[in-house]
Amino acid sequence: MTVKHSVVWAIVLVAALSLVWIPGARAQEISPSVTVMDQEIQDGKVVIAQVVAAQDGWIVIHTQKDGGIGPVIGYAPVSAGTNTNVAVE
């Protein structure tokens, strides 16, 4: 697996885990999601095409390590609702 694919895999996994509905939180009609594409890291950044979040939070990118989640290599804030072209250093 290349670094490019590892980064995309890590983005999807972490984003899915971090956008899960938290018990006790107010019910939202928003379905959290992350939309990504294979891409090269350009100017030290990757751009997440779309992040839909139920509440303000963060999108976090990890490397892949031994088939699982590795260290954090970048993160960016997201607002509740639809966020487009989120640049993560």
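**Reading strands and one exposed asparagine**

Valine 46 stands opposite valine 88 in β5.

Colleague: What should I know about the model and its numbering?

Modeller: This is a predicted model, with residues numbered from 1 along each chain as its sequence is written. Local features need pLDDT of at least 70, side-chain atom pairs count only at pLDDT 80 or more, totals for chains, interfaces and linings use all residues, and side-chain values use heavy atoms, without hydrogens and water.

Colleague: How many bridges join strand β2 to β5?

Modeller: Strands are DSSP runs of E, at least two residues, numbered from the N terminus. Two strands pair if DSSP finds at least two bridges between them. Here, seven bridges join β2 (residues 46–53) to β5, and the two run antiparallel.

Colleague: In what order do the strands of the open sheet lie?

Modeller: Three strands make up the sheet, in the order β1-β2-β5, with antiparallel pairing. β1 (33–35) and β5 each have a single partner strand, so one side of each lacks a neighbour in the sheet.

Colleague: Is asparagine 85 buried or exposed?

Modeller: Buried means under 20% relative accessible area, exposed over 50%, partly exposed in between (1.4 Å probe, protein chains only). Asparagine 85 counts as exposed because its relative accessibility is 57%. The residue sits in strand β5 (residues 81–88).

Colleague: Which residues does asparagine 85 contact, leaving aside neighbours within four places in sequence?

Modeller: Contact means heavy atoms within 4.5 Å. With those neighbours left aside, asparagine 85 touches Val47, Ile48 and Ala49.

Terms used. Helices (H or I, at least four residues) and strands (E, at least two) are DSSP runs, numbered from the N terminus.
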